[in-house]
Amino acid sequence: MAGLSPPLRGRVGERGTTNDGVSGLPLSLTLPRKGEGNPSADASLTNSKELPSVVVAKDHNAILLHAIDEAAVRAGLSIGLPLANARAICPELTVYDADPAADLKTLNDIADWCDRFTPLVALDPPYGLFLDITGCAHLFGGERALLQIVINALNRRGFAVSAAISGTSIAARTLTRHASGQVIADGAEAQAVGPLPVSALGADPAVTTGLRRAGLKTIGDVASRAPHEISARFGSAFTTLLGYALGQGDAPISPRKPLPDYIVEKRFPEPIATDTVIALTLSSLAKMLVAAMDKQGKGARQLEASFFRTDGAVRTIMVETGRPVTRPEMIDRLFRERLDALNDPLDPGFGFDLIRLAAGRTEIVVQQQRDLDTSVHDNDEISALIDRIAARIGGKRVVVHLPLESHIPERATLALPAQHHLAAASAAAWPDRVAGEPPLRPLRLFERPEPIKVPFASVPDGPPHQFTWRRALHAVARVEGPERIAMEWWKQDGAALTRDYFRVEDTEGQRFWIFRDGLYESELRDEQGRPLPANWYVHGLFA
Amino acid sequence: MNGARTGTLASLRGSIARIEAPSEAAMPSRLALGHTSADAMLRGGLVPAALHEVFAAGHQGGAATGFIAGLAGRISARKPLVWVRQDFSDRENGALSMHGLAEFGLDPRLLVTVRAADVDSALRTAADALACDALGAVVLEIWGDARQLDLVASRKLTLAAQASGVTALLLRIAATPIPSTAETRWIVRAAHSPPGNAASAWGAPRFEAELVRNRHGPVGRWIMEWKCDECQFSEPSAYPQPVAAAPAHRPHQAQARAGHRLAS
């Protein structure tokens, strides 16, 4: 099954009516801490069903229960109990340390997996996810079916999950706290969340306790009060949250990734694993993508191929181009280069069941006449070459150069990725050379000047007679200089010493650019005013 | 080996050479370096659309870089130039300085540099770039002895260069020459400035270039000077003329010399 979506620009809160008349957008997933689905101890907890297991975390020097499984609930433990108390209640307890970083990673992995349902997936840390399924549900047989697919798939992998679909994200999240698997019709939020306890709102614990003490046990109770009363006691933030939960307006969710301009994808009933099929799929997807972009005269500047493995792992590979790509063969070739050059090759495992190709950034293509103006053709060829090389070895390794206004040799040039700055570089204004003079700057410049040993100089400010560089002694036959380059004192790191550069030729004819770091008399002195020896460096090699 | 077999082998080699060599008419015109006697030895200049190797004598990276930059400048004329080099070469010999290249007579606007992590990816990138006929030349800079740069690799580069018409220039620093399919191979070291006192200004860049291999002609050794303004090589300006008088007119000798391959 192949789904092709034109640029979708769904907003959260935008009502999309599906076939059965039920409308609802955010699907909220929560991985409850109660139950064996706590991500941090997932694998180990599933193995030991009989003995209660808990995950503990340190809070203000006390070790408290952070998450517990079903058996622990049966044993009468609850989250927040000190570990010592828990052991007293239930001595045969298996204890694991909480690992928030691993929890977050697992949540991100699940979010990656959820990308197969909708491109708009938002994290709701620490244990929740929002999926904006506007216009996506019908691809999976309706909202209820989609909900079942998500819950079943995650359950099969050992996560306890509760999920709900509703018109607003907060209402959906509130529902997941107490009732999983519900699809709430548009406008029925208030009715659905009314009977739930106030703790389901997920407000500040102080607010929840306060509400309970005030005798407001359920969300319905709170909603029956006038909003200004609630605001006066619990703050306007809580009133807003309550309003969202009741379906009055909605908090925006922030999706993890920007929505691509174009998406094409291919689903496989039988997972595929061979390179040939993957390559064939990519090229047919490229054709579909180009056809979709072509209708609006667009070309892709950034492409992303996502490979969804059957076991839930998702691998995304991105290529960028210097100019909008409009030919499927180009896309095909760029991805082939990229896949060839991967350090850790694409691992199909038990196979991919979904391959998606998305154009993350597109541009309007300016058609140019190609027949007569050969330079247009040449430029196209060169940027295509740069794209290919960049796809394989990385965009930062292919550079063009721009001059900078600086006297400091190592700061006088700016190297920029050729993909994006080719035009700027070909129009750059480099200083003109003085006609008839030999070069003043070396051909090769060391990124950091290399220290040399200079035994003595005839005069303190003068050039050396010989120097040792990389363990070889060079006797100086010719000298030009000094050329004094002062550091940029107006910059942050401008306190460096003034350099005196000399162009020297040794007795073999090799030419070096060497400098003395610091001026005698003024700069090279210690605190007592005694003169210090100067450091010498080789900074470049002349031809 | 007896005479008949030698003869057969020679004729077979000849026919292979005829098959392999593009016909003279199809050959693009040679590009003169500007140095008269070197151009004469090269029968008019460097062959474009072929592989040329430049080895730095010892670790003299500066002089070899200058020489190959000169060759690239001559060959690519006003077309873009791709310079591929290893990360390690950058660290060992310094990065290319654009201001230096500009003063040397090359236009930094036409230069795209690629830093490859290792020899394999450098070779592959160079082969890719050679396939793009919009370029003037591709310089591949490899530091040290590279196992990957064998006869097969150089044959690939040569074929790519022939197919597209882009010249491949291979710069090797701290490496020993090994058999390859290069059209010419040069060993370059720095040459002295013309005699003068220590404080007098040095002159134009000067190389002692030794042509150690020339597939279709003899070899030689020259002092060359690079004219930054004209962007060409020339005879060293301030050196006195060679001590031995040049032959007045001895065409037969030149022919005889051209017939021999002094080295391969």
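Which strands of chain B does helix H3 (residues 61–76) of chain B lie across? In this predicted model, H3(B) lies across strand E1 (51–56), strand E2 (81–86), strand E5 (137–143), strand E6 (167–173), strand E7 (184–190), strand E8 (206–214), strand E9 (220–227) and E10 of chain B. The helix runs at about 175 degrees to E6(B). H3(B) also lies across strands of a second sheet, namely strand E16 (444–452) and strand E21 (535–542) of chain A together with E3 of chain B, and its direction there is at about 30 degrees to E21(A).

**Sheet of 11 strands**

- An open sheet is formed by 11 strands in the order E15(A)-E14(A)-E4(B)-E2(B)-E5(B)-E6(B)-E1(B)-E7(B)-E8(B)-E9(B)-E10(B), and its pairing is mixed.
- Strand E15 (413–417) of chain A and strand E10 (232–234) of chain B each have a single partner strand, so one side of each lacks a neighbour in the sheet.
- On average, neighbouring strands of this sheet are turned by 30 degrees against each other, direction ignored.
- Strand E14 (residues 398–403) of chain A pairs with E15(A) in the antiparallel sense, over five bridges.
- Opposite A:His401 stands A:Ala415 in E15(A).

**Sheet of seven strands**

- Seven strands form an open sheet with antiparallel pairing, in the order E17(A)-E18(A)-E19(A)-E20(A)-E21(A)-E16(A)-E3(B).
- Its edge strands, strand E17 (466–469) of chain A and strand E3 (95–96) of chain B, each pair on one side only.
- Strand E19 (residues 499–506) of chain A and strand E20 (residues 511–517) of chain A run antiparallel and are joined by seven bridges.
- A:Arg499 has A:Asp517 in E20(A) as its bridge partner.

- Helix H13 (residues 328–340) of chain A contains 13 residues and reaches 18 Å from its first C-alpha to its last, close to the 18 Å expected at 1.5 Å a residue.
- The buried residues of H13(A) are A:Pro328, A:Ile331, A:Asp332, A:Leu334, A:Phe335 and A:Glu337.
- Helix H12 (residues 275–294) of chain A packs with H13(A) at an angle of about 140 degrees, their axes being 8 Å apart; H12(A) is therefore oblique to H13(A).
- The crossing of these two helices, H12(A) and H13(A), is right-handed.
- From H12(A), A:Ala279, A:Leu282, A:Ser283, A:Ala286, A:Lys287, A:Leu289 and A:Val290 meet A:Pro328, A:Ile331, A:Asp332, A:Phe335 and A:Leu339 in H13(A).

**Helix pair H6(B) and H7(B)**

- Helix H6 (residues 119–130) and helix H7 (residues 151–164) of chain B have axes that come within 8 Å and cross at roughly 20 degrees.
- H6(B) and H7(B) are therefore roughly parallel to each other, and their crossing is left-handed.
- In H6(B), B:Leu123, B:Ala126, B:Ala127 and B:Leu130 meet B:Ala153, B:Leu157, B:Ala160, B:Ala161 and B:Ser164 of H7(B).

**Positive phi values outside glycine**

- A:His60 has a phi near 50 degrees, a positive value in a residue other than glycine.
- The loop between strand E3 (53–59) and strand E4 (62–68) of chain A holds A:His60, which counts as exposed because its relative accessibility is 75%.
- B:Cys231 is not a glycine, yet its phi is positive at about 55 degrees.
- B:Cys231 is in the loop between E9 and E10 of chain B and is buried, with a relative accessible area of 18%.

Technical notes:
Residues are numbered from 1 along each chain as its sequence is written. Chains are lettered from A and ligands numbered from 1 in the order in which they are written. This is a predicted model: local features need pLDDT of at least 70, side-chain atom pairs count only at pLDDT 80 or more; totals for chains, interfaces and linings use all residues. Side-chain values use heavy atoms; hydrogens and water are left out. Helices (H or I, at least four residues) and strands (E, at least two) are DSSP runs, numbered from the N terminus. The expected span of a helix is 1.5 Å times one less than its number of residues. Buried means under 20% relative accessible area, exposed over 50%, partly exposed in between (1.4 Å probe, protein chains only). Two strands pair if DSSP finds at least two bridges between them. Axes are lines fitted to C-alpha atoms, for helices over the stretch in contact, and angles run from 0 to 180 degrees between N-to-C directions. Contact means heavy atoms within 4.5 Å. Angles under 35 degrees count as roughly parallel, over 145 as roughly antiparallel, 65 to 115 as roughly perpendicular and the rest as oblique. A crossing is left-handed if the near helix is turned anticlockwise from the far one by less than a right angle, and right-handed if clockwise.
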